[in-house]
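Trainee: Could we go through this model together? I would like to begin with the overall fold.

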Amino acid sequence: WAEVWEDLADYFGMEAGGAPEGMLNAGEEVLSVLGGEKAATKAWNQLKKIHGLQDLTFHQVFNADFLDKTFSPGWDAQFSTEKISRLGYPKAQIFEGGEPAAIITRTIDALKADKII
């Protein structure tokens with residue numbers, strides 16, 4: 001994540017604050033940070049109305065278990081496929097090739113175009 005914070009901040013038009021040392025405290029869950037499932041679902045329903053998003057349920061667009069595992073480690077996660085590509089791994093066999101920030105922003109753009117977020 002440390003490699004993409006600044007690019008993602010630029011994408012959202014904000015200043016990067018740097019990668020934190022573990023997004024969550026040990027044992028803390030994403031839903032608890034969001035105020036619990038009921039509060040998060042209420043906020044999602046309001047966002048759908050305000051922004052004209054698809055009528056998907058909170059659980060259809062949000063996977064708390066995935067986020068808990070992604071943001072709670074005490075180390076920086078590495079998602080780049082650039083090194084294996086440079087070393088000759090066949091590009092056709094790389095699921096998502098390219099710069100990590102570009103992959104993330106392309107995904108966000110696709111979700112926005114489909115009115116999911």
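Trainee: In what order do the elements of the chain run from the N terminus on?

Mentor: They run α-α-α-α-α-α-α, and the secondary structure comes to 7 helices and 0 strands. Helices (H or I, at least four residues) and strands (E, at least two) are DSSP runs, numbered from the N terminus. This is a predicted model, in which local features need pLDDT of at least 70 and side-chain atom pairs count only at pLDDT 80 or more, while totals for chains, interfaces and linings use all residues. Residues are numbered from 1 along each chain as its sequence is written, and side-chain values use heavy atoms, with hydrogens and water left out.

Trainee: What share of the 117 residues is buried?

Mentor: Buried residues make up 24%; the term means under 20% relative accessible area, with a 1.4 Å probe and protein chains only.

Trainee: And which residues form the largest nonpolar core?

Mentor: That core has 8 residues: L31, A40, W44, L53, F58, F62, A64 and L67. Helices α3 (37-51) and α5 (64-71) are the elements that give two or more residues to it. A nonpolar core is a set of buried Ala, Val, Leu, Ile, Met, Phe, Trp, Tyr and Cys residues joined through side-chain atoms within 4.5 Å.

Trainee: Turning to K48, why does it count as buried?

Mentor: K48 counts as buried because its relative accessibility is 11%. K48 lies in helix α3.

Trainee: Which side chain makes a polar contact with the side chain of K48?

Mentor: The side chain of N45 does, at 3.3 Å. A polar contact is a pair of N or O atoms within 3.5 Å; within protein, one must be able to donate a hydrogen and the other to accept it, and residues adjacent in sequence count only if both atoms are side-chain atoms. A polar atom of the K48 side chain also lies 3.1 Å from the backbone oxygen of L56.

Conventions:
Buried means under 20% relative accessible area, exposed over 50%, partly exposed in between (1.4 Å probe, protein chains only).
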